Amino acid sequence: MKTAISIPDTLFKQAEVYAEQHNLSRSELYAQALKQFLDEQRQAEITKHLDAIYSTQPSAIDPAWLQAQSEILPKEEW
């Protein structure tokens, strides 16, 4: 897919230098950058949803679980 975009001259020049230094075509560089950006946005959205879910749930550990864990795990010297 071909497309035309407008970006600041300084950003374009930085991208050109980076692409040349890393042996990437302009298209490869922009495609990789866009993919990374979209992946990060998706992860941020997932985190936002999980934060919303967990903010409504108590975070304390049930004392019975703590007791069971201390009885099951072997004692270790530090």
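These exercises work through a predicted model, step by step.

**Exercise 1. Helix against helix**

Task: Work out how helix H1 and helix H2 are oriented where their axes cross.

Solution: 
- Step 1. Find the helices. H1 covers residues 9-21, and H2 covers residues 26-54.
- Step 2. Take the geometry. The two axes come within 9 Å and cross at roughly 110°.
- Step 3. Apply the cut-off. Angles of 65 to 115 degrees count as roughly perpendicular. H1 is therefore roughly perpendicular to H2.
- Step 4. List the residues in contact. H1 brings Phe12, Ala15, Glu16, Tyr18 and Ala19. H2 brings Arg26, Leu29 and Tyr30.
- Step 5. Sort them by class. The contact of H1 with H2 has 6 nonpolar and 2 charged residues, and no polar ones.

**Exercise 2. Tyr18 and its partners**

Task: Decide whether Tyr18 is buried, partly exposed or exposed, and name its contacts beyond four places in sequence.

Solution: 
- Step 1. Tyr18 lies in helix H1.
- Step 2. Read its relative accessible area, which is 41%.
- Step 3. Compare with the limits. Buried means under 20%, and exposed means over 50%. Tyr18 is therefore partly exposed.
- Step 4. Leave aside neighbours within four places in sequence. Tyr18 is then in contact with Leu24 and Leu29.
- Step 5. Check one pair. Tyr18 and Leu29 are 11 residues apart in sequence. Their C-alpha atoms are 8.5 Å apart in space.

**Exercise 3. The largest pocket**

Task: Describe the space in the largest pocket and the residues that line it.

Solution: 
- Step 1. State the volume. The largest pocket holds about 370 Å³ of space.
- Step 2. Read the lining. It includes Met1, Lys2, Thr3 and Ile5. Also among the lining residues are Arg26, Ser27, Tyr30, Ala31, Ala33 and Leu34.
- Step 3. Sort by class. The lining has 6 nonpolar, 2 polar and 2 charged residues.
- Step 4. Link back. Arg26 and Tyr30 line this pocket, and Arg26 and Tyr30 of H2 also take part in the contact with H1.

Conventions:
Residues numbered from 1 in each chain as written. Predicted model: local features only at pLDDT ≥ 70, side-chain atom pairs only at ≥ 80, totals over all residues. Heavy atoms only, no water. Axes fitted to C-alpha atoms, helices over the stretch in contact; angles between N-to-C directions. Helix = DSSP H or I, 4+ residues; strand = E, 2+ residues; numbered from the N terminus. Parallel < 35°, antiparallel > 145°, perpendicular 65-115°, else oblique. Contact = heavy atoms within 4.5 Å. Nonpolar A, V, L, I, M, F, W, Y, C, P; charged D, E, K, R; others polar. 1 Å grid on protein atoms, 1.4 Å probe; cavity = no way out; pocket = protein on both sides within 12 Å on 5 of 7 lines; lining within 4 Å. Points joined across faces, edges and corners; volume = space filled by probe spheres on them. Buried < 20%, exposed > 50% of the residue type's maximum accessible area, 1.4 Å probe, protein only.
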